[in-house]
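Hello,

Here is the structure we spoke about. My notes on its rings follow below.

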Amino acid sequence: MPHNRSSRLPNPVEPIDLAEFETKLTVRNVRVEDIPAIIDIQKACFPGMATWDPEQLKSQLRIFPEGQFCIEYEGEIVASASSLIVDFEEHEDWHNWKAVSDAGYIRNHDALGDTLYGIEIMVHPEFRGHKLSRRLYEARKQLARARNIRRIIIAGRIPGYHTYAGELSASEYADRVVAKNLFDPVLTVQISNGFALRGLIPDYLPSDKQSMGYATHLEWTNLDFVPDPNQRFQAVTRVRLCLVQYMMRRVASFEEFEKQCEFIVDVGSDYKSDFVVFPELFTTQLLSLIPSGRPSDAARKLAEFTPQYLELFNDLAVRYNVNIVGGSQFAIEGENLYNISYLFRRDGTIDKQYKIHITPNEARWWGVSPGNKVQVFDTDRGKIAILICYDSEFPELARIAAAKGAKILFVPYNTDERYGYLRVRHCSQARAIENQMYVAIAGCAGMMPFVDNADMHYAQCAVLTPSDFPFARDAVASESMPNIETVVVHDVDLELLRRNRSDGTVRPWTDRRKDLYTVKYTDPDEGTQEI
């Protein structure tokens with residue numbers, strides 16, 4: 001018989017189950033059910049300091065869920081980080097955590113901003129030393145790269161400073177930590193994660209005894225950031241407006257109309273205006289050149305002047321170095337007649353805003369079709385929007401424009417009597433207050449006898465503001481005398497708007513209850529959005 005060797009071998013051993021030795025660590029976005037655990041971490045990290053209110057964390061998740069991170073270890077939340085996106089040019093008060101973060105509610109989050117602002121990052125004390133903060137910083141960096149955000153700004157604690165406060169100033173302590181001569185449990189980690197120290201912020205969190213109230217202002221630059229090639233303009237603070245109260249009168253030729261317009265633009269340019277704003281359909285003056293007939297036919301005849309009108313105002317904008325809101329003019333596209341406001345920039349580019357809501361008379365007399373998109377335009381004096389007359393009476397449109405970044409809303413209008421004018425005036429004032437923006441209105445005065453639906457005009461130009469201490473007493477920065485031929489020239493300060501949105505007596509823009517209501521807007525190019 002052959003020898004049976006298998007009887008001398010040890011019993012077979014089962015392969016080692018590696019799952020028994022694995023641990024599960026996951027970096028992910030925060031969910032609502034994580035809120036109690038995050039508050040517990042905060043209590044452990046910062047004993048004696050106020051913790052998040054659950055409503056703050058819910059607001060963060062509702063507004064910017066992809067910016068809120070946590071680390072889950074074996075099913076337990078052990079670290080977290082909160083953030084929002086802001087526009088760098090909108091903030092100089094990086095020392096003011098409450099203002100920049102909206103007291104933690106982040107209702108001022110700007111999806112189109114260029115800066116990711118880190119509100120807080122924390123690691124449970126029992127899990128420090130495992131480089132968890134590095135993972136959270138890396139998650140923020142990946143978010144910045146994915147969304148093409150220019151930078152990350154954070155304000156960090158220096159909890160080791162209290163040990164040296166008797167012998168070193170806060171700046172001396174920070175310098176030694178940056179030079180790696182001293183170790184700080186927070187600043188050292190932030191420097192090692194690629195952040196550069198930009199300065200110190202005194203009295204940032206007075207309750208932070210370990211940091212003696214100080215915080216660091218740090219910045220990480222996204223080297224993969226690709227500037228928008230279409231962004232040609234830099235931020236400014238003061239903008240000069242010239243509003244035209246246009247006197248309607250019959251003209252004998254297009255050349256006469258052209259001379260009148262050039263004179264007005266020349267006046268605005270002499271005053272070094274940034275914008276000259278004409279009224280809605282002031283071009284109906286040209287109906288005096290068209291044989292009388294059915295109003296709908298006359299409106300389409302008026303649209304035949306649009307190429308000359310475009311050529312004229314584009315030339316004036318460039319030649320007189322001023323941006324022009326060209327009131328509005330009829331244009332035919334396909335079979336439809338539209339009422340369009342054109343923006344003529346002084347660099348020679350042109351944009352347009354269609355009138356979205358058509359009045360019953362416009363529909364009945366002229367057969368005007370509505371547009372379907374709220375535009376916000378970049379200019380060399382910031383983002384602006386245009387709502388033509390009746391559109392100012394629909395608050396949702398101004399909300400959409402403000403959400404897209406508009407700081408100045410231009411309302412060219414054309415009303416035939418005082419009731420109509422007051423509808424535009426009062427609604428425009430409301431738009432200024434509820435969106436904390438400037439609204440400039442410009443209309444036509446005078447009469448055009450025997451021109452149907454364009455014979456009577458009532459106007460008073462005005463620059464309207466939010467109603468608060470930094471602005472004019474009655475929230476009217478400047479206005480004209482009614483129904484005369486004139487211009488109103490006035491400077492508006494965009495810095496006042498920024499401060500008013502963050503520190504105003506009331507903040508109707510940021511205090512909206514988006515948990516109760518939103519504006520749902522269907523953009524024909526970008527799809528449905530909630531504002």
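Rings of Phe, Tyr and Trp (its six-membered ring) pair if their centres lie within 6.5 Å; planes under 30 degrees apart count as stacked, over 60 as edge-to-face and the rest as tilted. The model is predicted: local features need pLDDT of at least 70, side-chain atom pairs count only at pLDDT 80 or more, and totals for chains, interfaces and linings use all residues. Residues are numbered from 1 along each chain as its sequence is written, and side-chain values use heavy atoms, with hydrogens and water left out.

Aromatic pairs: searching the whole structure gives 25. Y164 and Y173 form a tilted pair, because their ring centres are 5.7 Å apart and their planes meet at 35 degrees. Y173 is buried (under 20% relative accessible area; exposed is over 50%, partly exposed in between; 1.4 Å probe, protein chains only), at 0%. Y164 is partly exposed, at 26%.

Ring pairs also join a cluster. Its members are Y246, F254, F257, F278, F282, F305, Y309, F313, Y342 and F344.

Two charges sit over rings (NZ of Lys or CZ of Arg within 6 Å of the ring centre and within 35 degrees of the ring normal). R151 has its charged end over F88, 4.1 Å from the ring centre. R512 does this over W509, at 3.9 Å.

Last, F195. This residue is buried, at 4% relative accessibility. Beyond its neighbours within four places in sequence, F195 has contacts (heavy atoms within 4.5 Å). Among them are Y137, I152, L218 and W220. I154 is 41 residues from F195 in sequence, yet the C-alpha atoms are 8.9 Å apart.

Best wishes
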